Amino acid sequence: AQPNANLQAALRMASAGIPVFPAHCFPNRADPNKWDKKPTIGGWQRLATTDFATIHAWWAGNPSAVPGIECGRAGLLVLDGDRHGGPDGVSELEAIAIEHGGLPPGPVTETA
């Protein structure tokens, strides 16, 4: 059997010291072109972990889950420039970055 890619991603994050929790992604009811996400466990902020045994158990019960990150405990700051029909947050963030000499290096992800 092929290993679960989402489980493997969660384990890689845990190996880097990033506390994770399982979450489900699903189409937004109002706009099927957008995605929503919801933790599969209650208390996810407190329960997010780097413990491999816990992560394996969570994904055994939720094999389609994606890894969520508890950003505060991971020491991460997320800048989320949205485009939801109002002001263009992506363009605004880019303008602020240019005005202040750019953003420090770090990971970037694009979401639906």
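Three strands form an open sheet in the order β2-β1-β3, paired in the antiparallel sense. Strands are DSSP runs of E of at least two residues, helices are runs of H or I of at least four, and both are numbered from the N terminus. Two strands count as paired if DSSP finds at least two bridges between them. The model is predicted: local features need pLDDT of at least 70, side-chain atom pairs count only at pLDDT 80 or more, and totals for chains, interfaces and linings use all residues. Residues are numbered from 1 along each chain as its sequence is written, and side-chain values use heavy atoms, without hydrogens and water.

The edges of the sheet are β2 (35-39) and β3 (66-69). Each has a single partner strand, so one side of each lacks a neighbour in the sheet. From one strand to the next, the twist averages 50 degrees. Five bridges link β1 (residues 20-27) to β2 in the antiparallel sense. In this pairing, proline 27 stands opposite tryptophan 35 of β2.

Helix α1 (residues 5-15) packs on the sheet and touches β1 and β3 (contact: heavy atoms within 4.5 Å). The direction of α1 makes about 30 degrees with that of β3. Axes are lines fitted to C-alpha atoms, for helices over the stretch in contact, and angles run from 0 to 180 degrees between N-to-C directions. Helix α3 (residues 52-61) lies across β1 and β3, at about 25 degrees to β1.

Asparagine 28 sits in the loop between β1 and β2. Its side chain reaches the backbone nitrogen of alanine 30 at 2.7 Å. The side chains of asparagine 28 and aspartate 36 are joined by a polar contact of 3.2 Å. Such a contact is a pair of N or O atoms within 3.5 Å; within protein, one must be able to donate a hydrogen and the other to accept it, and residues adjacent in sequence count only if both atoms are side-chain atoms. Leaving aside residues up to four places away in sequence, asparagine 28 touches Lys34, Trp35 and Asp36.

At the start of α5 (89-99), a side-chain oxygen of aspartate 88 comes to within 3.0 Å of the backbone nitrogen of valine 90. Glycine 101 follows α5, with a positive phi near 85 degrees.

Overall, the protein chain holds five helices and three strands. Their pattern along the sequence is α-β-β-α-α-β-α-α. The C-alpha trace spans about 45 × 35 × 30 Å along its principal axes.
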